[in-house]
Amino acid sequence: MKRMMIGLPLMLLLATGCSKSNDYQPDSGASGEDIFKTACVKCHQPKEGGHYFELDKEMANTTAIGDKIGQGSFSMPAFPNIQADALKDLSEYVLSQSKAE
Ligand code: HEC
């Protein structure tokens, strides 16, 4: 029991890496666009031409985008509360607002 209590926070720490986690929770029924404009746009502004992202081959699919949202990175917070349909809608929105390089 004692061991589990030490192990769990450590696992969470490893799973989220260096990035902080954002506790944003989408409203039920929020579209991908709604979520993006609430939670993401403060860091991701539209580029010239109106698209938000220029994605390389590895990133230009909803799975990789969803992983990025769920896990974050060194400089982007993770959004563990964006799940299931909300994550799918948001990933599709991001892809639709991107140019593949
Ligand atoms: C605190 C600022 C911040 C917020 C909020 C944020 N991001 Fe990011 N995001 C970044 C930074 C910085 C990068 C570039 C570093 C990287 O790729 O991890 C990034 C990278 C990305 C990438 C990869 C882009 C590429 O060129 O590979 C995607 C996709 C992305 N963010 C989507 C989102 C979505 C969707 C949200 C909202 C749920 C969001 N971000 C919220 C800072 C943020």
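Here are a few worked exercises on the fold, the helix packing and the ligand shell of a predicted model. Numbering starts from 1 along each chain as its sequence is written. Local features need pLDDT of at least 70 and side-chain atom pairs count only at pLDDT 80 or more, while totals for chains, interfaces and linings use all residues.

**Exercise 1. Work out which pattern the protein follows along the sequence.**

Start with the elements: helices (H or I, at least four residues) and strands (E, at least two) are DSSP runs, numbered from the N terminus. That gives four helices and two strands. Now read along the sequence, and you get α-α-β-α-α-β.

**Exercise 2. Describe how α2 and α4 cross.**

Take the axes as lines fitted to C-alpha atoms, for helices over the stretch in contact, with angles from 0 to 180 degrees between N-to-C directions. The α2 and α4 axes come within 8 Å and cross at roughly 80°. Angles of 65 to 115 degrees count as roughly perpendicular, so α2 and α4 are roughly perpendicular to each other. Next, list the contacts (C-beta atoms, placed from the backbone, within 7 Å): G32, E33, I35 and F36 of α2 meet A86, D89, L90, E92, Y93 and V94 of α4. Finally, sort by class, with Ala, Val, Leu, Ile, Met, Phe, Trp, Tyr, Cys and Pro as nonpolar, Asp, Glu, Lys and Arg as charged, and the others, Gly among them, as polar. The tally is six nonpolar, one polar and three charged residues.

**Exercise 3. Do likewise for α3 and α4.**

Here the axes of α3 and α4 come within 9 Å and cross at roughly 115°. On the α3 side, the contact uses T62, I65, G66, I69 and G70; on the α4 side, look for L87, K88, L90, S91, E92, V94 and L95. By class, that's six nonpolar, four polar and two charged residues.

**Exercise 4. Find what surrounds the ligand.**

Count residues near the ligand (C-beta atom, placed from the backbone, within 6 Å of it). There are 19, and the closest are C40, C43, S73, S75 and M76. Elements giving two or more residues to this shell are α2 (32-40), β1 (53-55), α3 (62-71) and α4 (84-96). The shell has 14 nonpolar, three polar and two charged residues.

**Exercise 5. Check the backbone and surroundings of A84.**

A84 is found in helix α4. Its phi is near 50°, a positive value in a residue other than glycine. Most residues other than glycine have a negative phi. A84 has 7 other C-beta atoms within 10 Å; 12 or fewer count as exposed, so A84 is exposed.

Key. A residue is near a molecule or strand if its C-beta atom, placed from the backbone, lies within 6 Å of it. Two residues are in contact if their C-beta atoms, placed from the backbone, lie within 7 Å. A residue is buried if 20 or more other C-beta atoms lie within 10 Å of its own, exposed if 12 or fewer, and partly exposed in between; C-beta atoms are placed from the backbone. Angles under 35 degrees count as roughly parallel, over 145 as roughly antiparallel, 65 to 115 as roughly perpendicular and the rest as oblique.
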